[in-house]
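Take a look at the model below.

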Amino acid sequence: MEKTVISVGNDHIVTGTKERLTEHLKQKGYEVIDNGTYDKLRTHYPIFGKKAAEKVVSGEAKFGVVLCGTGVGISSSASKVPGARVALVSDISEAVYARKALNANIIAVGGHITGIDLIKAIVDKFITTEYERTPEHDTLIKKIDALEDQKPEQTGNEHFFDEFEKKWEEGYYHD
């Protein structure tokens, strides 16, 4: 039986939370693509939101999970990847709605404001909930998808954030 693949991305604030969630998913039998970040050094969450979302959109992963302190920033960045349907959620009922009605393929959670046990429950429910295909849901998703622009210079471009990563390495950014 083929394993369901989950693409995960996070910022430096919630690396420990991501590691605990990743271990949980692996114990449940899922394959996890960890797009980083991998430590607690300050970084830019758009890099990791983009990487995680692109793995889902390309078909390398079935679902994505992105985490930052509140989930707001990384969900905003991941949602800019054409084809990503990202839902920022804080409880299980929102995760169920995101899958059933919106066929969301990526879930975002505030790893600093949500407890790890609730995050695990939210992600478990998101992954196991099926899209409820109805004419109304299909129409709504079509309208949402019509809002996104295709960005060929961004999609699949691993060097899209090189300028920012270089500045970071040079010590340009400060807290």
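Y97, L140 and I144 form a nonpolar surface patch, with about 280 Å² of accessible area together. Such patches take residues with over 30% relative accessible area and no salt bridge; like charges are joined within 9 Å, and nonpolar side chains (Val, Leu, Ile, Met, Phe, Trp, Tyr) within 5 Å. A salt bridge is a side-chain nitrogen of Lys or Arg within 4 Å of a carboxyl oxygen of Asp or Glu. Areas come from the Shrake-Rupley method with a 1.4 Å probe, and for residues only the protein chains shown count as cover.

This is a predicted model: local features need pLDDT of at least 70, side-chain atom pairs count only at pLDDT 80 or more, and totals for chains, interfaces and linings use all residues. Residues are numbered from 1 along each chain as its sequence is written, and side-chain values use heavy atoms, leaving out hydrogens and water.

Y97 lies in helix α4. Helices (H or I, at least four residues) and strands (E, at least two) are DSSP runs, numbered from the N terminus. Y97 counts as partly exposed because its relative accessibility is 48%. Buried means under 20% relative accessible area, exposed over 50%, and partly exposed in between (1.4 Å probe, protein chains only).

Now the interior. A nonpolar core is a set of buried Ala, Val, Leu, Ile, Met, Phe, Trp, Tyr and Cys residues joined through side-chain atoms within 4.5 Å.

| Core | Residues in core | Some members |
|---|---|---|
| Largest | 22 residues | I6, L25, V65, L67, I107, V123 |
| Second, separate | 14 residues | A52, A61, V66, A84 |

The largest share, 5 residues, comes from α5. Beyond its neighbours within four places in sequence, I107 is in contact (heavy atoms within 4.5 Å) with residues including V65, V89, A95 and V123.

Helix α2 has 13 residues and reaches 18 Å from first C-alpha to last, close to the 18 Å expected at 1.5 Å a residue. Its buried residues are I47, F48, G49, K50, A52, A53, E54 and V56. Their cover includes β1, β3, α3 (72-78), β5 and α7 (162-169). G59, with a positive phi near 95 degrees, follows α2.

G36 is in the loop between β2 (31-34) and α2 (45-57). Is G36 buried or exposed? G36 counts as buried because its relative accessibility is 0%. Sequence neighbours within four places aside, G36 is in contact with V8, G9, N10, K18 and F48.

Terms used:
Expected span 1.5 Å × (residues − 1).
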